[in-house]
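Keep the viewer open and follow the points in order.

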Amino acid sequence: MCLAIPVQVKEVLPGSMAKVTLDGVSKIISTALVDDIEVGDYVVLHVGYALARIDPNEAERTLALIREAATGDAA
C-alpha cells in the first residue's frame, strides 16, 4: 500500500528541491516531477517526491480526513 499526502511548500530551493511542512514538521523534497512550484503551493508528496500540485481546498479537506482517521473522531 502506498500513501501520498498533501504538504505546503514553504521555500523553493535550488536544484529542483523545496522545503515543505505538515503540522510543523519540515522536510526537503524533490520537485523535479512538477513544473513551476511556488511558495504556498500544495503538492502531493510520496517518498520524498512532489508528484503533483493540488488545489489548496482539496489539500485541506484531505488533511482534515487524515487527522480525523488518526484520532478516531467521526464527524
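1. Let's start in the sheet. Strand E1 (residues 5-13) and strand E4 pair in the antiparallel sense, over 4 bridges. Two strands are said to pair when DSSP finds at least two bridges between them. To find the spot on screen, look for Gln-8, whose bridge partner in E4 is Tyr-42.

2. A word on what you are looking at. This is a predicted model, in which local features need pLDDT of at least 70 and side-chain atom pairs count only at pLDDT 80 or more, while totals for chains, interfaces and linings use all residues. Residues are numbered from 1 along each chain as its sequence is written, and side-chain values use heavy atoms, with hydrogens and water left out.

3. Now the overall layout. The protein has 1 helix and 5 strands, and from the N terminus on the order is β-β-β-β-β-α. Both kinds of element are DSSP runs numbered from the N terminus: helices are H or I runs of at least four residues, strands are E runs of at least two.

4. Back to E4, which covers residues 42-46. How many of its residues are buried? The count is 4 of 5, so this strand is mostly covered. Here buried means under 20% relative accessible area, exposed means over 50%, and partly exposed is in between (1.4 Å probe, protein chains only).

5. E4 also pairs with strand E5 (residues 49-54), again in the antiparallel sense, over 5 bridges. Val-44 has Ala-52 as its bridge partner in E5. The two strands E4 and E5 form a hairpin with 2 residues between them, and Val-47 in the turn has a positive phi of about 40°.

6. Ser-16 has a phi near 55°, a positive value in a residue other than glycine. You'll find Ser-16 in the loop between E1 and E2, where it is partly exposed at 39% relative accessible area. Asp-23 is also a residue other than glycine with a positive phi, near 50°. Asp-23 sits in the loop between E2 and E3 and is exposed, with a relative accessible area of 58%.

7. Next, the charged pairs. A salt bridge here is a side-chain nitrogen of Lys or Arg within 4 Å of a carboxyl oxygen of Asp or Glu, and by this rule the count comes to 3. Which residue does Arg-67 pair with? Its partner is Asp-23, with the closest N and O atoms 2.6 Å apart. Arg-67 lies in helix H1 (residues 56-71) and Asp-23 in the loop between strand E2 (17-22) and strand E3 (25-30), so the pair ties together parts that are 44 residues apart in sequence. Arg-67 is partly exposed, at 34% relative accessible area.

8. Another pair is Asp-41 with Arg-53, where the closest N and O atoms are 3.2 Å apart. Asp-41 lies in the loop between E3 and E4, and Arg-53 in strand E5, so this pair links parts 12 residues apart in sequence. Is Asp-41 buried or exposed? Asp-41 is buried, with a relative accessible area of 16%, whereas Arg-53 is partly exposed at 40%.

9. Then there is Glu-58 with Arg-61, the closest N and O atoms being 2.5 Å apart. These two are 3 residues apart in helix H1, which means they are separated by about one helical turn. Glu-58 is partly exposed at 33% relative accessible area, and Arg-61 is partly exposed at 48%.

10. Finally, some whole-chain numbers. The C-alpha atoms fill a box of roughly 40 × 25 × 20 Å along the principal axes. For 75 residues, a compact globule would have a radius of gyration near 11 Å, and the protein's 13 Å agrees with that; the radius is taken over C-alpha atoms, and the globule rule is 2.2 Å times the number of residues to the power 0.38. Of the 75 residues, 28% count as buried.

11. On contacts and surface: among contacts (heavy atoms within 4.5 Å) between residues at least 6 apart in sequence, 32% join residues at least 24 apart. The protein exposes about 4900 Å², and carbon and sulfur atoms supply 56% of it. Accessible areas come from the Shrake-Rupley method with a 1.4 Å probe; for residues, only the protein chains shown count as cover.
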